[in-house]
Amino acid sequence: MKPLMQPKTFFIHTIGCQMNVADSEQMAAALAPLGYSASPAFESADLVIVNTCSVRAKAEQKAFSILGRLADLKRSRPDVIVGVAGCVAQQEGNRILSRAPYVDIVVGTQALHRLPEHVRRVAVERCRIVDVEMGPGAPDFRPHRAPGPVCRFITIMRGCDNFCAYCVVPYVRGRETSRAQAQILHEVRDAVDSGAREVTLLGQNVNSYGQKEGHGTFPELLARVNSVPGLLRIRFTTSHPKDLTTELMECFVRLEKLCPHIHLPVQAGSNRILARMNRGYTREHYLDKVSKLRDTCPGIAITSDLIVGFPGESEADFEQTLELIQKVRFDGLFAFMYSDRPNAPARRFADKVPEALSRRRLHALLALQDEITFTRNSALVGSIQEVLVEESGRTKASGPPQWVGRTPANKIVHLQADPDAGGFGAGSLVQVLIEKAMAHSLRGVIKGKPAAGRPLKGGAQDAA
Ligand code: SAH
Ligand code: SF4
Ligand code: F3S
């Protein structure tokens with residue numbers, strides 16, 4: 001597409017899940033041919049996009065609160081173009097313009113590839129555009145020309161067909177569709193060429209990858225990604241417990257780049273609530289999958305999502321959730337208070353749990369899990385872990401970079417360099433002695449030379 005006359009800058013504010021992070025990267029790449037480059041702050045950008053999430057009421061409120069701040073910006077600089085993308089854009093469409101009349105572009109989850117067209121038109125005609133058509137989706141590969149981060153998210157499928165009773169995703173992302181393996185592999189290779197060493201393959205339910213389209217199975221895709229040269233690590237999310245197969249479990253042993261960590265959202269520990277949620281498995285099925293996973297791949301890290309205060313959740317139901325947590329002893333847990341969502345059937349369910357009670361349950365659950373996480377983290381003190389280094393920014397603009405990385409099991413490690421460790425940098429794979437466990441992360445010191453990875457800082461930097 002022909003660039004605009006003047007070089008311009010954009011800023012994308014991303015709320016929500018990794019899928020939105022991946023979409024924001026795609027939007028950024030799509031804006032480059034128009035002459036737009038990234039701005040470090042929204043105040044100075046010519047184009048500001050809020051990529052929104054609708055999974056809970058709070059996330060939606062956050063989007064509107066950011067938009068509120070953009071109203072001031074638009075008053076002081078009327079030429080700024082304001083766009084709203086993502087799940088709230090899809091859900092609200094035209095209604096966004098009545099709540100935030102200064103918005104220029106509303107672009108839904110399946111129309112992102114048309115963003116450059118819309119920006120161009122708005123820049124010339126100063127019109128307003130709402131494009132929330134649910135169509136065949138984006139022709140979705142764009143090369144990442146600029147060097148990018150060490151860890152990338154790669155969308156392998158979009159939408160969801162599961163219709164869990166609480167969830168807005170099927171309504172804002174549409175039906176499940178998988179991308180072809182060739183496209184995904186092309187994107188993985190391109191990510192590696194531009195500096196990636198780890199990819200996380202994304203889908204709402206990766207286990208059903210390719211089944212509708214006949215694109216092959218998820219384990220087949222993993223095996224092909226595993227053979228991409230230069231790639232060091234593979235992760236994926238999310239795996240639905242009802243569809244987790246033995247074949248996928250075996251990939252953790254068979255494929256050397258696949259990290260031994262699975263995010264397996266359980267949502268509730270009581271069969272009554274699981275049935276009301278339409279999750280398609282029982283507590284017993286879930287526990288059985290967990291023990292099979294651990295038998296197949298001893299030491300695999302298991303994390304999960306849980307909802308407290310789902311309509312009808314009694315104290316006895318909640319006790320069963322606590323009991324399940326104690327049984328599994330997750331490596332980490334994301335817990336949420338139930339929130340009514342547009343279109344999701346649970347909003348019409350009776351027996352809503354009062355907010356104060358949900359909050360109490362949330363705190364009890366998190367206190368239990370914090371204890372488990374800390375005990376699990378403490379057990380790693382004194383061990384040597386292989387860490388893929390990511391730069392986490394600088395505390396002061398002129399100060400030394402702060403390094404952070406993750407173990408294969410996805411534990412975050414704050415790094416200090418031992419003087420003997422030699423040079424290292426983002427993308428290095430290093431051996432780290434774990435010295436301290438904290439509530440949600442570890443601290444360690446780099447020992448010995450890096451095993452592999454990108455060229456070291458100070459050495460010749462390649463295209464990375
Ligand atoms: N596809 C993923 C989850 C996507 S949403 C899966 O099936 O696991 C991420 C998490 O948000 C969910 O796992 C759930 O725990 C939480 N969530 C979704 N809808 C919610 C709602 N209405 N209220 C509270 N939490 C919700
Ligand atoms: Fe939502 Fe359920 Fe689909 Fe996950 S599987 S996105 S929770 S409907
Ligand atoms: Fe993700 Fe939120 Fe949409 S969790 S799929 S950005 S509703």
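In the predicted model, helix H11 (residues 283-296) packs against helix H12 (residues 315-328) at an angle of about 10°, the two axes being 11 Å apart. Because angles under 35 degrees count as roughly parallel, H11 and H12 are therefore described as roughly parallel to each other. On the H11 side, the contact is made by Arg283, Tyr286, Leu287, Val290 and Arg294, and H12 contributes Gln320, Glu323, Leu324, Lys327 and Val328. By residue class, this contact of H11 with H12 comprises 5 nonpolar, 1 polar and 4 charged residues.

Tyr286 and Phe330 form a tilted pair, with 6.5 Å centre to centre and 55° between the planes. Tyr286 lies in helix H11, whereas Phe330 belongs to the loop between H12 and strand S14 (332-337), so the pair ties together parts that are 44 residues apart in sequence.

Elsewhere in the chain, an open sheet is formed by 3 strands in the order S7-S10-S11, with parallel pairing. Strand S7 (151-155) and strand S11 (233-237) stand at the edges with a single partner strand each, so one side of each is left without a neighbour in the sheet. From one strand to the next, the twist averages 25°. The parallel pairing of S7 with strand S10 (residues 198-202) extends over 5 bridges; Arg152 has Val199 of S10 as its bridge partner. Helix H1 (residues 18-31) packs on this sheet and touches S7, S10 and S11, its direction making about 95° with that of S7. Helix H7 (residues 181-193) lies across S7 and S10 and runs at about 165° to S7.

Ligand 2 is surrounded by Cys160, Asn162, Phe163, Cys164, Tyr166, Cys167, Val169, Pro170, Gln204, His240 and Arg279. The shell around ligand 2 divides into 7 nonpolar, 3 polar and 1 charged residues. Around ligand 3 are found Cys17, Asn20, Cys53, Ser54, Val55, Cys87, Arg173 and Gln204, a shell that divides into 4 nonpolar, 3 polar and 1 charged residues. Gln204 is listed both in the surroundings of ligand 2 and in those of ligand 3. Cysteines occur in both shells, including Cys160, Cys164 and Cys167 around ligand 2 and Cys17, Cys53 and Cys87 around ligand 3.

Key:
Residues numbered from 1 in each chain as written. Chains lettered and ligands numbered in written order. Predicted model: local features only at pLDDT ≥ 70, side-chain atom pairs only at ≥ 80, totals over all residues. Heavy atoms only, no water. Near = heavy atom within 4 Å. Nonpolar A, V, L, I, M, F, W, Y, C, P; charged D, E, K, R; others polar. Pairing = 2+ DSSP bridges. Helix = DSSP H or I, 4+ residues; strand = E, 2+ residues; numbered from the N terminus. Axes fitted to C-alpha atoms, helices over the stretch in contact; angles between N-to-C directions. Contact = heavy atoms within 4.5 Å. Parallel < 35°, antiparallel > 145°, perpendicular 65-115°, else oblique. Phe/Tyr/Trp six-rings, centres within 6.5 Å; stacked < 30°, edge-to-face > 60°.
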